[in-house]
Amino acid sequence: MFDIKEIRAEFPILERKIYDNPLCYLDNGASAQKPKIVIEAIHRAYSFEYANVHRGLHFLSNTATDRFEAVREKIQKFLGAKFNDEIVFTSGTTEGLNLVSYAWGQHNLNEGDEIILSVMEHHANIVPWHFIRQKKGVVLKWVEPRSDGSLPPEDVLKAISPRTKLIAITHMSNVLGSIVDVKKICDSKLTKNIPVLVDGSQAAVHINVNVQELGCDFYAVTGHKLYGPSGSGAIYVSRKRMKEMEPFMGGGSMISDVKRCSVAFNTIPHKFEAGTPGIVGMIGLGAAIDFIQDVGLENIKKHEDELKNYAEEKLTNLSWLSVQGTALEKGAIFSFTMNGSAHPHDLSTILDRKGVAVRAGQHCAQPLMDHLGIAASCRASFAMYNSKTEVDILIKGLKHCYNLLN
Ligand code: PLP
């Protein structure tokens, strides 16, 4: 049973007051708060179980290595990957996507090859492809969302040409909340030989992901949005694509033999994990995944869908507010602007004084902002611990903004 009071009690920060108001944290799209189980796992790891991993032969190093490697299995199961060695640890989605760009893209893409991207990608799934465009003369082909913010799979498939060598697409937009039917893209005959990379930063927190069912080649997630520590994350890379990749960073752990004039690499996935990793962060991420699975993603989705419907109705009832993104398939993420001259930064600052944390700006999605014809927007993004009362607080805060600014 999903009990919002019990859930909230697991997050110590939710007891905080901000400017004498109860914290109303609606910036989960940027980063989620951490439950006690994650904080305690970090505390325990540093207090009693800390040493470097994969190196030592002593008790603590073995303990830390076991704890660390156990997380790989948790992520494998969480993402539905077939093999444990298809999970590469990263510092977050940004590193995961750069890994694909350098370790796969540099070796498999050539001048004139095309990469299909959606206009609603986060910069993390744009800039690494610009690097390849600049270095190798690859062409970036853009697919625009429809006016409701949806991105139907057929629009992506239509962009495919004989030169298409990669489709890099978000599973859920961090601005519009739109969910992309990745499975339909991967299932198409047209993508049989085209690798599909999915940015799962936003989606994996809200919906059950199974990479085998989706049929994608790469799926990147970031720990801090999954109620885990910042600086932790992972990317699923199918064994098939791993074979096409060369190591991206060199150093300790990723080698099997280093001589003056030769080097041999470790097995997968370690050959893509150079140096000392974010050991405790990953252990914290393991605890976060346990927490999510204890609550149950189905329960989380049901609760967040209720919040989404409630918030959607309330927000669209405000005649002076424009909500960007009303796709049928969307998560509980709302971007909006206030009609007239109110800047989203002003809205965010005024809401903050009421204890309401929202994000304002271009959300690391400038091509989308250009497409929407706005310079910035305000974004309220919900998590499992948010309540309908908090939607009401947001609405009250927005009415206050409107009265102040008009
Ligand atoms: N992709 C999307 C859709 C995001 O929302 C974010 C973070 O906001 C990222 C990628 C980048 O994630 P990180 O900064 O954790 O690497």
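Here are some numbered notes on this predicted model, for someone meeting it for the first time.

1. A few ground rules. Residues count from 1 along each chain as its sequence is written. Local features need pLDDT of at least 70 and side-chain atom pairs count only at pLDDT 80 or more, while totals for chains, interfaces and linings use all residues, and side-chain values rest on heavy atoms, with hydrogens and water left out.

2. Start with the domains, whose bounds come from an automatic or database domain assignment. Domain 1 is 4-26 + 297-405, and domain 2 is 39-293. Their C-alpha centres sit 28 Å apart. The contact (heavy atoms within 4.5 Å) takes 33 residues from domain 1 and 30 residues from domain 2.

3. How much area do domain 1 and domain 2 bury between them? About 2,500 Å², with 64% of it on carbon and sulfur atoms; this is the accessible area (1.4 Å probe) that the two parts lose on being put together, summed over both. On the domain 1 side, Leu 297, Ile 333 and Leu 368 lose the most area to domain 2, together 25% of what that side buries. Salt bridges between the two domains number zero. A salt bridge here is a side-chain nitrogen of Lys or Arg within 4 Å of a carboxyl oxygen of Asp or Glu.

4. Is Ser 101 buried or exposed? Ser 101 is buried, because its relative accessible area is 0%. (Buried is under 20%, exposed over 50%, partly exposed in between, with a 1.4 Å probe and protein chains only.) Not counting residues up to four places away in sequence, Ser 101 touches Gln 106, Pro 128, Trp 129 and Ile 132. Other buried residues of α4 include Leu 97, Val 100 and Trp 104.

5. Helix α10 (residues 279-295) has 17 residues and should span 24 Å; its end C-alpha atoms are 25 Å apart, so the two agree. Of those 17 residues, 14 are buried. Just after α10, Gly 296 takes a positive phi of about 95°.

6. Now the charges. Side chains of opposite charge can pair when their charged atoms come close. The structure holds 19 salt bridges. One of them joins Asp 113 to Arg 163, with the closest N and O atoms 3.0 Å apart. Asp 113 is in the loop between α4 and β5, Arg 163 in the loop between α6 and β7, and they are 50 residues apart. Asp 113 counts as buried at 4%, whereas Arg 163 is partly exposed at 38%.

7. Lys 301 and Asp 305 also meet in a salt bridge, at 2.7 Å, N to O. Why does about one helical turn separate them? Because Lys 301 and Asp 305 are four residues apart in helix α11. Elsewhere, Glu 69, Arg 72 and Glu 273 are linked in a network of salt bridges.

Technical notes. Helices (H or I, at least four residues) and strands (E, at least two) are DSSP runs, numbered from the N terminus. The expected span of a helix is 1.5 Å times one less than its number of residues.
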